[in-house]
Structure formats: structure tokens, C-alpha cells
Amino acid sequence: MNNSIVWRSFPPSPARRSALPFLLWALAGYVCLFLPALKAQSTYQEPDYSKFQPESGPITLEVWTWVVGLDKAAPLFEKAFPNIKVHVNNVGAGPTEYQKLQTAIKAGSGGPDVAQIEYDFLPSFVVTDGIVDISKYGAGDVKSFFVPWTWGQCSPDGKAVYGIPQDSGPMALLYNKKIFDQYGLTVPTTWDEFAQQAEKLAKASNGKVMLVDYVPTQAPWFIGLAWANGATLFKQNGDSWTQSLNSPECQKVLEFWADLIKKKYVATIPDFTPEFYTAVGSSQIAASIEAAWGPGVLAQSLNDKTSGEWQVAPLPQWSKGQTFRSGNWGGSCDVVLKQSKYPKAATLFSIWLNAAKGPVINNWTSYGIFPASLSGLASSDLNQADKNPSKFCGGQNVAQVYADASKAVNEEFPWSPWFAFVNDDYNKQIAALIAGTMTAKQALDAWQADSLKTPPAMATTSKGSSEVHLHGAPRPRGAFPSS
Amino acid sequence: MRRYRKTAYLFLTPFLAVFIAFYLAPVGYALYLSLFVRKRIGVGPPKEVFGGLANYMRAVQDTDFLIGLKNMFVFGVVQVPIMLGLAILLALLLHQSRGFFMKICRTAYFMPYGIPTAIGAMVWGYLYAPNLSPFNQILRALHQGTIDFLSPAVVLFSIANIVTWTWTGYNMITLFAALQNIPQDLYEAARVDGAKTWDIVRRIQIPLLLPALRLLFIFSVIGTSQLFTEAFVLRPLGYLADNITPNLYVYLTAARDANYSYAGALAILLALLIFVISGPFLRRIASR
């Protein structure tokens, strides 16, 4: 190791014999201080899997995920743990899977052992009592292997662990360099500059090319931007919750965008639709605020059209020289279901899948799924210029930009059990905002008020307040305000 | 006699078994679930406790649900007559025409019915996308502005259009078959009496189509109450209200908000409503 080389490189001289050992020991100690850091950079650290003993006997784990190609990780796992067979089942992405999962939980059987769930939807499964707090199987010990904010997403109170972070979606600005060069645009570092460039492009192109698309049907996109502005939407205090969708932090973000929408400097096309991909692929949209998994999705959805024209830059900031901040959009974890007969084996698999080098690196280079593991984030193996998403961005080290973004994501950002409703209701308010029938503040206030109507399904709410109390009997009338 | 009854049950068993397992039992279970409410006692997940008719009381005061029902009525009042009117017109025209042309038309009109609803809705979703829509491209070329087919005010009619496109052919074929059954001598007698084509349509064909039409009307009303797939498929393409159709609202209450007991109550109420509306018609058909 380094310190032994140091030892030999200083031949002892008789004259300085008394001082030398002290000096050398001090030097060695100093080097040792940096050893963990050196190790993290040079070697890929994985947890000691032998600490997680599965149940005895042959085991078959059923795994639900929508990560395409995750089934290729199964044989690697089976090789390392011959007693456990893994059956990977792609039952559909997001809500499609959640509906099946909730039904299985309600029915008491038919669910998998391990399931992929997005961070923002996790509490709705905790509240229906469907998933195991795997801290009892020692999952808390692997905390240090994961990006702190992703761990916080799975373990909001720092004690119970409801899942192992799988991927993350820190946000950055993906821009089409060809269009930027064509119109002489500069890459904005602040939102003020961003607005100026949006205006410049809209005017120069006669409204034909827009700087970005304001995503009108993906609440987590907006929430990610609010997250980067220091907002938190939900807070759990013991048995009651506070919801603040219309906080000043959210308002600042939405007002900024509402102005651009009103002036027609940005597009408002629903994301993940043929219309959006057509607009991006035919260079009608010059940039897109994308989570780490975004460039991979775009490369695939555009069939590599415009490939190589893109670059990723850090998310614009609210003021010059502020502490760099980003937000998160999406990202998911793997949970263990209470129905599972093999919760220990399921815990082991969840940890291995997201900490082991093979699947973590492969997820990024094959499917653009960005790691939540610290070693994964630091690994130079993520930088493969000839593979998407780097290839899509002209060989740029995309992972590095997103790794920096991940470090700048606020750690504390709890979600609520009724987020599924909040998520959909956002579309309603933004549709009104775009139609011009609501201001940003009105839209956020309506979002807040509407979303307090649904918690009665899970709890009772004090009318007109943002406090949601999760105890006591539901009030048949007052609890369900009718307008 | 007794032996015959046994045989009858034997033949009915396959149907009854499936009917009970996949139809009556779930309805019974929904009814059972609908009597419970979620309640929290202290920290932890909520418990389901018996709540009597609390969910039903909530449902009849739920403006979102009531607006969904209103949408359903608007849809039925506008779409069903248009679809059946078109079906009658097409059936009469086909009945008049002969040969190859008729066969091609008959197949072409019927074809949408053979396409799975979800696929059809996806194709229409593409046709409705504001910037990609060929309709809008035509309108733009004519400098007529564009229509956002997915905007909240229009989308119910966009869905109606998909439903009309899918089901007109099916209704037409049924009416066409009914027309084929009208004895030829009725037409001959009418001609001898000096009836013009319009008289034949008005006094012979339409009256004799009425039984089939009544049945189709009932099917359409029931179909209207079950609208779901089109709305569900169009949903990711823009903003579609949760309660654009009552069935979508019931689905989201169960699958998204995990509130199965309330969804059960909503579904039972919806079924009762349809029963009340369609019951008298069904009885009239059965009595004939």
C-alpha cells in the first residue's frame, strides 16, 4: 500500500534518527486518513452479503419490475447464491404495476416477493400495510452504501427501512447543441438567463422552436424543480401530516414558468407522447429538463434520431454563486412484500441488486437507469462514450454531470400516502393554468385544497387546514367537503 | 319431468359456474366491501371497520361522482341517437344497394368493431394530438385555426366520436339483418298500393326495425354507463378529468386511492341506476 512505499522512500539517516520515526508515523497516519476516500475511488465497495442469511432450503423469488433487461441480472445472482432462484416479471410500468400490487395486497396473496416502487408512491404502500420494514433483517446496515438522499426516500424516519434504493433521477439541463449553435444561444446557468434564452429563441425562430417543454402532466417534474428550490411538500409529525403544495418555494417556481407559458416562450406538450417525441426529434424543442434517466429514454424513444447533437449541463440556479442545488424526478426502490414467504432472501436480493457492481453498471450503460449506490455513482465504468446515454450526448461523460446533480439534491423530502391523487390532480390545475383560467398562485392553492379532499380515504382532515390528522373516526359529513 | 330438469341443470352448469364465480361473487364481494369504512386508531395502518351505509351517504353527496354521472347522461343523450341514426341510415342504404359495392361497404363499416377498443383509442389518440392531428393540419391549411380535441371542454365529444366509430357498424349489421328478414311480399303489396320509397321506409321498414332498435338502444345505454377504455387510454395524452366517466372515477378510487370500500359503493350505485333506467325497456322487450 501507499504507506509502505513511503517508508522505503525515506532511507533512515543516522543524524535524524530521533525525528524520523515520528515524522514517518505522522505521514503514515495522514495517508491512512485518506485511505477510505482512496478506496472508494479506486475500488468498488459492496456490502458483506454473508451478513444477510436467507431462509434455508431452495427458494424461488418472484420479482416485479419494469426495468427492461433486469432479468439478465437474475442469473448473476443465482450464480452467487445457488439456493435462490429469481423469476423476474415485467408487469408494466408505474401505475400499471401499482394497481396489481395494491390488489394483491388487498387480496392477501398473489403478490411478488420483491417489487419496484417509485419513491413518491412508497408511502401509499406503507399505509396499506403491504410492505415489510426490512430494518429487522439488518437492512439498516447498508445505509452507508447509498446516496444519502435516496436512502432518506426509503427510510423517512431514519429507523424503518421500507426499500433499497434502486435508481435516482437528479435533474439537469439536456440541450441540443446544434440548435443552440444555430441560434447563438448560451447555456443558461441561472433561471434569469434561462428566461432570456427562451425569449431570444422564440423570437429568432418566430415561435417555431421553443427552448424547452413545460411538462404539463408530470407532477414529479415540477416537484423536482421545487425540490431544487428548497421546497418540501409533506411532513409527518407523529400521527399527523402537513401538506404544503402552495408554499412560497413552489409558488416561486410555478410563477416563473407561468410567465414563460403566458408569453409562449416554452411549449406545453405532455411528456412521453408521440407528439412530444416528434417535436424533439424534428428539432422544434431545443432543450429539456431531464432526470438522469431522461437521456436514455429519449435516445431510445427517438430511435437515435438527433443522436450526438445533445449535451447535458447542470440545472440552472436561482441566483449566481448560490450553493449548487438540484432536485429529483422519479427514481425507485425495491421493496419486500409482507406476503413474501422468504423476506430474508428477498432483502438479500434487493440489497445485492442495487449494490452489486454488475447490475448497477449495466443498468446505466444498457438502459440509462442511474444508480443510487455511492460506489456506482463514483464508478468510472459509467463513462462509456460509445454507449447510450453518453453516445446520445456526443460521447460526453453524462454520468458525471448527473453524479454532481445527485450530490446537490436536498436530503429530506418526504412523500405522503395520498400522493397518487396529488400526482393526478396536478394535471387538472396545470391545464387551467395553461388555458389561462388560473394564475400560478390560484393553481397551487387549488392543488392544495383538492388534495386535502382525498386524505379522508385514509384519514380525517380538519377542514380548511393543511393539517391532516391520521387518527380518530372519520366524520361522515364534515370530513368530506363537497366542494 | 324430473329427469329433464336434471339434464337442464347439467347443461347449465358450465355457464352457471362461471357466472357465479366471475360475476355474482365479485358483485357480492363489492357489496360486502362497500359496508366498511377506513378508520385509524392511533399510529399505524388504518383498519376497515363496519360503517353501515356511510359510503353510500358519502357517494350521493360526492360532487365529483355526480358530475361524472352528468357526463354520462350528456354522452348518452348526444351520442346514442347519433350512432343509432347513422346505423339506420347506413343499413337502409346498404339494403337498397346490391353487389360488390354493398359487400365492400358492409365490411368496411363493420371493421372498426373488430379492432380492440384499446388499440382503436390509441390510434384516435394519435389523430387527436394537437400538433400531429391530420384534422388540425387540414384546418391549418384552410386557415381555420385548430381544435384541441383533448381539451377538457371537447374531450367528452372526442370520446363519443371514438365510440360512434367503433359501434355504428355493429348496430348497422344488426339492423341490416333485421331488414333482410322483412318479407318481400310486404314491399310488393306497398308498391301495388302506390307507395313511394320514403313511404316504404317510414311505414314498413322503420316500424319493423323497432324491436331490433329497442334492443340496440338498451345495449347502447348500458354501454354508455360502462365507458372506460377510451378515457383510460387517452388519459396519459393530456389532462382528462378523473370523473370524465363514472366508471373511470370508480376505477381510480379503487386502484389509485386504494379505497376499495368506497369504490364498491360507487359501483353498486352505478349498477342500480342503470338497472332502473334500462329495466322498463328490458321488460317491454321480454314481454313481446
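Chain B has a radius of gyration of 24 Å, whereas a compact globule of 288 residues would come near 19 Å; the radius is taken over C-alpha atoms, and the globule rule is 2.2 Å times the number of residues to the power 0.38. Before going on, note that this is a predicted model, in which local features need pLDDT of at least 70, side-chain atom pairs count only at pLDDT 80 or more, and totals for chains, interfaces and linings use all residues. Residues are numbered from 1 along each chain as its sequence is written, while chains are lettered from A and ligands numbered from 1 in the order in which they are written.

Along the principal axes, the C-alpha atoms of chain B fill a box of roughly 85 × 75 × 30 Å. Chain B holds twelve helices and two strands (DSSP runs numbered from the N terminus: H or I of at least four residues, E of at least two). Its elements run α-β-β-α-α-α-α-α-α-α-α-α-α-α from the N terminus on. Of its 288 residues, 35% count as buried, with 20 or more other C-beta atoms within 10 Å of their own, these atoms being placed from the backbone.

Now turn to chain A. Here five strands form an open sheet in the order E2-E1-E3-E10-E4, with mixed pairing; strands pair if DSSP finds at least two bridges between them. Strands E2 (84–89) and E4 (164–167) of chain A stand at the edges with a single partner strand each, so one side of each has no neighbour in the sheet. Within chain A, E3 (residues 114–118) and E10 (residues 332–336) run antiparallel, joined by five bridges. There, A:Val114 stands opposite A:Val336.

Note on methods
Buried ≥ 20, exposed ≤ 12 C-beta atoms within 10 Å, placed from the backbone.
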